[in-house]
Amino acid sequence: GINVVINNKSLTVMEGKTILEVCREVGINIPTLCYHPDLKPGGVCNLCVVEVAGETELVKSCETEIKAGMVINTDTEEVIASRKEVLNEILVRHPNDCLTCDRVGGDCELQNAAYYYNVHPKERNIPGRGLDVSSFALTRDMDKCIGCERCIRVCEDVQGIGIYKKVETENGSYATTKEDAPIAETDCINCGQCVKVCPVGALTEKNEIHKVMAVLRDPTKHVVVQMAPAIKNTMGEEFGLAPGTDVTFKLPTALRKIGVDKVFDTDFSADLTIMEEGTEFLNRVKEGKNLPLLTSCSPGWIKYIEHNYPQLLDNVSSCKSPQQMFGALAKSYYPETAGLDPKDIFHLSIMPCTAKKFEANRPEMGHGGIQDVDVVLTTRELAKLFKLEGIHLPQLEDQAFDKLMGEGTGAARIFATTGGVMEAALRTVTWILTEGEMDAIDYQVVRGLEGVKEAELEVAGMKVKVAIASGTSNAKKLMDKVAAGEADYHFIEVMGCPTGCIGGGGAPIPDNQAVKLQRMEGIYASDAGNPVRRSHENTEVQKIYKDYLGEPGSHKAHHLLHTHYVD
Ligand code: HC1
C-alpha cells in the first residue's frame, strides 16, 4: 500500500488505482456523470475534479492515478464552485420536465447532483434536437443528452457495435447515431446497454407503463403475465434488497394486487425450450447437419447475427425464445384449456431486456393476425408500476404462480446467467442419452461471468465441445472462428448482453460487474434450492406434451414453438 492524505485524514491505500476509485472505496462521495465503473474513463464531464496539493489546477479524479504522498481535498470551496459551474452549464440546456421524465424517482444522476449542489440556472436555452421514437425497444430524447459519451463507449468498447458518435455544437455536445439516422435504421441490436449507463433520461426503454395501466383498468381484458427467470433475483434491488435476493413468490402477490388475472412463468417455457432445443441438438448431431447449433433465446443476439453473420443463420436453433414460446401458448393452449377467446387475452411479459420489446413485435411472432406477446415491460418499468400503485414488494406475503404454465425448474432459472442455457441443456441431454444413468446436475465448467467459455465434455461415449459467449463483442470472437471453418464446437450459447440476462438492458440501475456477480450467485442459489432441477422433470411440461403438443419436435410443436430467421 501507499500513504496518502485525503480530506486531512492519513490513509494507506492500494497502488495503481485512480483517486476516484480510492475515494469511493473509502466512502468519500465524488459526483460523476461520464464515469462508469464498467467503462474506461471518459474524462469529459469535469464534475469529479478534486484538489491535489502542488498542482496548479484542479485534477480529474477519474483519470488521475493516486500516488504515494499525495495530499487530496475533495470538497474545498474551489472544488465545489467548479462542480456547480459544470452543472449549471449542463442545466442551462437541459429540459426540466423532471416531473414526467422516465428517470423520475432518484434514478437521474444529473438531478441528484444538481440537488446536492443546489444549482438553479437562471434561464434555459434548450437546443431542440428532437425525439427518436423509431425503435420498438429504445427512445432517444437528444435534448436530454449531456454529452457524457457513456453510450458511445458501451456500444463501441463493450458490445463492439458502435452506432453512436459525438457531435459538438455551440450549444454543447451530444451523442447521436452515425449519419444521424433514426435508431431503428442503424445496426442497433436493441440490447439497451446504452440505456443502463445513460446517467439521465436521454436514452430509455420505450416506456409502455401507461399502456399496461389502461389495460389493467379495462374489465373486458383478461391479463396474463409471464415473467423471465432473471426478474426473480433482481427485482428486489428496486426495493432496497441485496442483488440476487430471491423474491419469486412475492411477485405473483404484487401482480395480482395491480389487477393481473393469471400469473404464469417464463421458467415454464424455458424448460420447454430445453425439450425442443435438446431434441433439435440430438437430431443435428445424428445427421451431422448445421453444427454448431447456436442458441436463439436472446433477441439482441439474433439481430446481431442477422446483421453480421447471415451465412450462419441456418446454425441458429429454430426454437423461438422462451418468451415467444410462452406467447404462442398464452394465445392457444391457455385459452383453449380455460375456455377463453384468444382475442380477449392481453399477454404481458416482464423481462430484464429491452430487445424483448423488439422481439415481441417481429412479424414472425404471431398467428392469424394476433400478436403472441402484447407488451413487454422491463424490470425497471414493472418496479415503477408497483411503486406508483403503492406496493412495497418486501412487505408482501408469498403466493404461488397459477397452474398450467406456472412451474419452473432450477434448470430454467439459470437461463438468466451466462452458461445457464448450456448447463440446462446438458442436464437433460446427457440424461436422455444415457437413459438416466448420467445424472450430473452441476456443470461448474460452464459457469462464471467470463465473456467467452469453452468446455469439452464426454456424453454417453461422445465428445461434446461447447462454447459460451455473452456480449456481442465476445460472440464475434467465436463467430469469426465458426464462419472461417476453424471451430469444431457442437453447441454454442450466445447471449447478447454481457453476463447474460442478469446484465440485460432492462435490469435495475445501478448495474455493474460487482452487482452482476451477486445476481449470478443468487440465481445459482435459487437453482440449488429448487427440488426439481432438470427441465424434463417439470410436470407441467410433461403435461403439455401429453395433452397438447405430442412429442418434442412434433408438427404442432413446430407450428407454435419454432420459427426461422431469414433476414
Ligand atoms: Fe432471458 Fe430467456 S433467459 S432470454 O435472459 O431465454 O430477457 O431472464 O426470459 O425468452 O427463459 C431475458 C432472462 C428470458 C427468454 C428465458
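Biologist: What makes strand β2 lie largely in the open?

Modeller: First, the ground rules. This is a predicted model: local features need pLDDT of at least 70, side-chain atom pairs count only at pLDDT 80 or more, and totals for chains, interfaces and linings use all residues. Residues are numbered from 1 along each chain as its sequence is written. Now β2. A residue is buried if 20 or more other C-beta atoms lie within 10 Å of its own, exposed if 12 or fewer, and partly exposed in between, with C-beta atoms placed from the backbone. Strand β2 (residues 9-13) has five residues, and the number buried is zero, so β2 lies largely in the open. Strands here are DSSP runs of E, at least two residues, and helices are runs of H or I, at least four, numbered from the N terminus.

Biologist: How do you know that β1 and β2 pair?

Modeller: Pairing requires at least two bridges found by DSSP between two strands. Strand β1 (residues 2-6) is joined to β2 by five bridges, and the two run antiparallel. Val4 stands opposite Leu11 in β2. The hairpin has two residues between the strands, and Asn7 takes a positive phi near 50 degrees there.

Biologist: Why are β6 and β10 called edge strands?

Modeller: The open sheet has three strands in the order β6-β7-β10, with antiparallel pairing. β6 (131-132) and β10 (203-205) each pair on one side only. Two bridges join β6 to β7 (residues 138-141). Leu131 stands opposite Asp141 in β7.

Biologist: What makes α10 largely enclosed by the rest of the structure?

Modeller: Nine of the nine residues of α10 are buried, so the helix is largely enclosed. Among them are Pro322, Met325, Phe326 and Leu329.

Biologist: Why are α8 and α10 called roughly perpendicular?

Modeller: Axes are lines fitted to C-alpha atoms, for helices over the stretch in contact, and angles run from 0 to 180 degrees between N-to-C directions. Under 35 degrees counts as roughly parallel, over 145 as roughly antiparallel, 65 to 115 as roughly perpendicular and the rest as oblique. α8 and α10 pack at about 105 degrees, with axes 8 Å apart. The two helices are therefore roughly perpendicular. Contact means C-beta atoms, placed from the backbone, within 7 Å. On the α8 side the contact residues include Thr266, Ser269 and Leu272; on the α10 side they include Pro322 and Met325.

Biologist: Which elements give two or more residues to the shell around the ligand, and which residues come nearest?

Modeller: A residue is near a molecule if its C-beta atom, placed from the backbone, lies within 6 Å of it. Of the 19 residues around the ligand, Ala228, Ala230, Cys297, Cys353 and Cys501 come nearest. The elements giving two or more residues are α8 (266-287) and α10 (322-330).

Biologist: Glu149 or Glu435: which is buried and which is exposed?

Modeller: Glu149 has 24 other C-beta atoms within 10 Å, so Glu149 is buried. Glu435 has 8, so Glu435 is exposed. Phi of Glu149 is near 75 degrees, and phi of Glu435 is near 45 degrees. Most residues other than glycine have a negative phi.

Biologist: Which peptide bonds are cis?

Modeller: Among them is the bond from Leu291 to Pro292, with omega near 0 degrees. Another joins Ile509 and Pro510, with omega about 5 degrees.

Notes:
Two residues are in contact if their C-beta atoms, placed from the backbone, lie within 7 Å.
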